[in-house]
Amino acid sequence: MAAQRGARENGDGPEHESALTVVLAFAANLGIAVAKIVAALITGSASMAAEAAHSVADTFNEVLLLVGLRRSGRPADRRHPLGHGKERYIWTLLVAVAIFGMGALFSYYQGIQTLTGHRGAAESDVAVGYAVLGVAFVLEAISWQQALRQVRAAAREEGLPLAAYIRRTDEPTAISVLLEDSAALIGLLIAFGGLGLHQLTGSATWDGVGSLLIGVLLTAVALVLGRINLNLLIGSQADPRLVADVRARLGRAPEVEWVVDIVTVTFGADRVLVCARLDFRDSLTAGDVERACVRMARELRDAHEEVDEVFLEPVPRDDAELRERVIARYGRVLRPKEPDA
């Protein structure tokens, strides 16, 4: 845990890694976008035009991600006492909107134009298209490898399978790049197929279908990213293992008789707010309760780096209104002692 804190302070932590992933993706997408635009103009391919729009959208998205990384790292202030961590989710949500608005809709338009005969059926200089697609695949693969390496490392650190980490993570930046690059690699294969089948059959239908499939692919990525960031913006519970450990630690405290209620909320990447209502032993003085709260809050922050703020409230466990609120939230009254995670 100390090593993680030191890495973050020295600029070698998750924030630095995310920035490196985004910068690498930006450089790759910018070069690819220019090449695809030129190739689309030369070949007249709808699939290539759709891929060009895809890369333009991805390049714009990396700028949004970099802005989100920078702005979300600002410290807490009077107007934002919990910091600006959630702003990252706003910018990543804009990425999902851009993927659909700039990439998917243009791909649908190109596909429909081709299938309805509003684009020329002939293609020229298809070798240029193949060359651009091949180079783009190599560059996208390099960016994809960096994003996958970061996400896998984070998943191993959390002790989660890759798919479970993607569902639970509160750090969507690397996930966004990974999904974008994965879609880009698949889109390149679709464009290659559309270009090749058009050349072999002489029918522009294949090119139009390829463009539509790229649009469907981008729509799916936009929906997944939108869903991830929507949950984070609403305010989701912290990792269940962290919640279980927090409840266990509070329940083991000698001053506590009953953990009445506990609420955890993620409010930024690796930042968790913990609020707990505790029934303290009646024999304790007010000073004893105050010192116990300070000690338990410090112990929770020491045990979990992501726990940023802790609020502990002394309450009686037999309060009827509070009991109803807890049952409404969890479906049952919390047990006095919870097992370790």
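The model is predicted, and the secondary structure of the protein chain comes to 11 helices and three strands. Read along the sequence, these elements follow the pattern α-α-α-α-α-α-α-α-α-β-β-α-β-α.

With regard to overall dimensions, the C-alpha trace of the protein chain spans about 90 × 45 × 35 Å along its principal axes, and the radius of gyration is 26 Å, whereas a compact globule of 341 residues would have a value near 20 Å. Of the 341 residues, 45% count as buried, and the accessible surface of the chain comes to about 16400 Å², 62% of which belongs to carbon and sulfur atoms. Among contacts between residues at least 6 apart in sequence, 77% join residues at least 24 apart.

Helix α8 comprises 30 residues, 205–234, and should span 44 Å at 1.5 Å a residue; the distance of 43 Å between its end C-alpha atoms agrees with this expectation. Just after α8, glycine 235 adopts a positive phi of about 105°.

An α-helix has 3.6 residues a turn, so residues three or four places apart point the same way.

How values were computed
Residues are numbered from 1 along each chain as its sequence is written. This is a predicted model: local features need pLDDT of at least 70, side-chain atom pairs count only at pLDDT 80 or more; totals for chains, interfaces and linings use all residues. Side-chain values use heavy atoms; hydrogens and water are left out. Helices (H or I, at least four residues) and strands (E, at least two) are DSSP runs, numbered from the N terminus. The expected span of a helix is 1.5 Å times one less than its number of residues. The radius of gyration is taken over C-alpha atoms; the globule rule is 2.2 Å times the number of residues to the power 0.38. Buried means under 20% relative accessible area, exposed over 50%, partly exposed in between (1.4 Å probe, protein chains only). Contact means heavy atoms within 4.5 Å. Accessible areas come from the Shrake-Rupley method with a 1.4 Å probe; for residues, only the protein chains shown count as cover.
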